[in-house]
Amino acid sequence: MRAYVAAKGKCKGQKTISDEYVTKAEFRYLLIALKLYYNLWLEFDELDITGDKRVSAKEFKAGEMKIAAWGIRLKDSNATFQGLLKIYNAQEHITFTDYC
């Protein structure tokens with residue numbers, strides 16, 4: 001759904017059927033967005049050790065090397081995770097929606 005929303009409205013053109021459909025011009029953006037969200041899901045899934053679709057502080061700390069391999073350097077993973085919790089107004093876990 002996020003990829004669809006991201007693609008809609010990217011190209012101003014003639015709508016022949018309905019605004020609910022992706023146009024030919026928007027289809028390319030839909031594919032790009034799908035690839036982006038798929039790659040984000042793969043990264044999130046690597047961090048989610050328990051498979052509960054949430055990342056805890058322990059999982060975040062354990063995934064520090066994976067995060068570094070993605071090109072993100074963390075000085076203090078605990079402080080970074082606590083900052084993310086505060087940004088997303090979360091209690092103990094980060095969900096995929098927060099991650100995106």
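Mentor: A salt bridge is a side-chain nitrogen of Lys or Arg within 4 Å of a carboxyl oxygen of Asp or Glu. This is a predicted model, where local features need pLDDT of at least 70, side-chain atom pairs count only at pLDDT 80 or more, and totals for chains, interfaces and linings use all residues. Residues are numbered from 1 along each chain as its sequence is written, and side-chain values use heavy atoms, with hydrogens and water left out.

Trainee: How many salt bridges does the structure hold?

Mentor: Two. Asp52 pairs with Arg54, their closest N and O atoms being 3.5 Å apart. Glu64 pairs with Lys61, and there the closest N and O atoms are 3.2 Å apart.

Trainee: What about Asn89?

Mentor: Asn89 counts as exposed because its relative accessibility is 69%.

Trainee: Which residues lie nearest the centre of the largest pocket?

Mentor: A pocket is an open set of points on a 1 Å grid over the protein atoms alone, where a 1.4 Å probe fits, with protein on both sides within 12 Å along at least five of seven lines; lining residues have an atom within 4 Å of a point. Here 15 residues line the largest pocket, and Leu47, Phe60, Ile67, Leu84 and Tyr99 lie nearest its centre.

How values were computed:
Buried means under 20% relative accessible area, exposed over 50%, partly exposed in between (1.4 Å probe, protein chains only).
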